Amino acid sequence: MNQPQIDTSLFKRLRVVLVETSRPGNIGAAARAMKTMGFSDLVLVNPRFENAMEQDEAIAFASGAQDVMAAARIVGSISEALADCNFAAAVSARLREFSPPIVTPRSLARQLAGDCGLNAALVFGNERFGLPNEVVEKCNVLINIPANPDYSSLNLAQAVQVLTYECRIAATGDAPGSTDIGFHGQAAGVVQIERMYAHLEQALIAIEFLDADNPKKLMPRLKRLLSRTQLEVEEVNILRGIAKQILSFREK
Ligand code: SAH
């Protein structure tokens, strides 16, 4: 597998991913929010309108950030959007029972701006439905913007603005060099981790620890447990090695 490229500047390492955005205007406004803060890597997962970026509303809201919008990539799945990332943050207005650790925008920005070498994605949901659980589960952390408890749902592009603003301040201000995320080796990629879970699941089914017909919450619980550890490449390889060995013993 290709190892993610490491660039020290957060402005090159940070990607904004918009999942199933409905309103073209929000895509334009998100591009503008990004450009004002110095970011340019925009990926759209299944926008409602494939030609969203050509619509008048999108162009009007993008204003002077049409270059960022025009350079956006459209992909068909979240895995594609995160393929070369080794850190993903689900940005969600809603907290959930099975989610990765919850981190504030400021703390996330501080950690990403540090010398952590992470290729990170900020993942935003649809205007009405937010982010599906399957997407949140793939992410390393869940970011919730502190807001009025009686009305806490920001406009999508405004949420992009808050996050990119915090990242800019952390990257240009006196960002600490420390990596409180706690990586020592190379952080594992999102897709690599996804494959590891599939392998582990297969092994747990083989030893009848997991009942495929009645899986209950075992896999979500394991994901939640391991997401607290910020997995590294070598650790993922060890877990896959264990799964492989279990499967080969079962076959004997
Ligand atoms: N009704 C949706 C809210 C969608 S708002 C829900 O319940 O999830 C569109 C997107 O903006 C969200 O998916 C999220 O990415 C972002 N967003 C809005 N308010 C937010 C908040 N307070 N914290 C974090 N993200 C927020």
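This is a predicted model: local features need pLDDT of at least 70, side-chain atom pairs count only at pLDDT 80 or more; totals for chains, interfaces and linings use all residues.
Biologist: Which pocket is the space taken by the ligand?

Modeller: Residues are numbered from 1 along each chain as its sequence is written, and side-chain values use heavy atoms, leaving out hydrogens and water. A pocket is an open set of points on a 1 Å grid over the protein atoms alone, where a 1.4 Å probe fits, with protein on both sides within 12 Å along at least five of seven lines. The ligand takes up the space of the largest pocket.

Biologist: How far is an oxygen atom of the ligand from a polar backbone atom of Val91?

Modeller: Val91 is among the closest of the 18 residues that surround the ligand (a heavy atom within 4 Å). A polar contact is a pair of N or O atoms within 3.5 Å. For the ligand oxygen and the Val91 backbone atom, the distance is 2.6 Å.

Biologist: What lies 2.8 Å from a nitrogen atom of the ligand?

Modeller: A backbone N or O atom of Ser92 is 3.4 Å from a ligand nitrogen. At 2.8 Å from a nitrogen atom of the ligand is a backbone N or O atom of Ser152.

Biologist: How much of the ligand's accessible area does the protein cover?

Modeller: Accessible areas come from the Shrake-Rupley method with a 1.4 Å probe. On its own the ligand has 550 Å², and the protein covers 91%.

Biologist: Which residue in β6 stands opposite Ala89?

Modeller: Strands are DSSP runs of E, at least two residues, numbered from the N terminus; two pair if DSSP finds at least two bridges between them. β4 (residues 87-91) and β6 (residues 120-124) pair in the parallel sense over 5 bridges. Opposite Ala89 stands Leu122.

Definitions and conventions:
A polar contact is a pair of N or O atoms within 3.5 Å; within protein, one must be able to donate a hydrogen and the other to accept it, and residues adjacent in sequence count only if both atoms are side-chain atoms. On a 1 Å grid over the protein atoms alone, a cavity is a set of points where a 1.4 Å probe fits but cannot get out, and a pocket is an open set with protein on both sides within 12 Å along at least five of seven lines; lining residues have an atom within 4 Å of a point. A molecule sits in a cavity or pocket if more than half of its atoms lie within 2 Å of its grid points. Helices (H or I, at least four residues) and strands (E, at least two) are DSSP runs, numbered from the N terminus.
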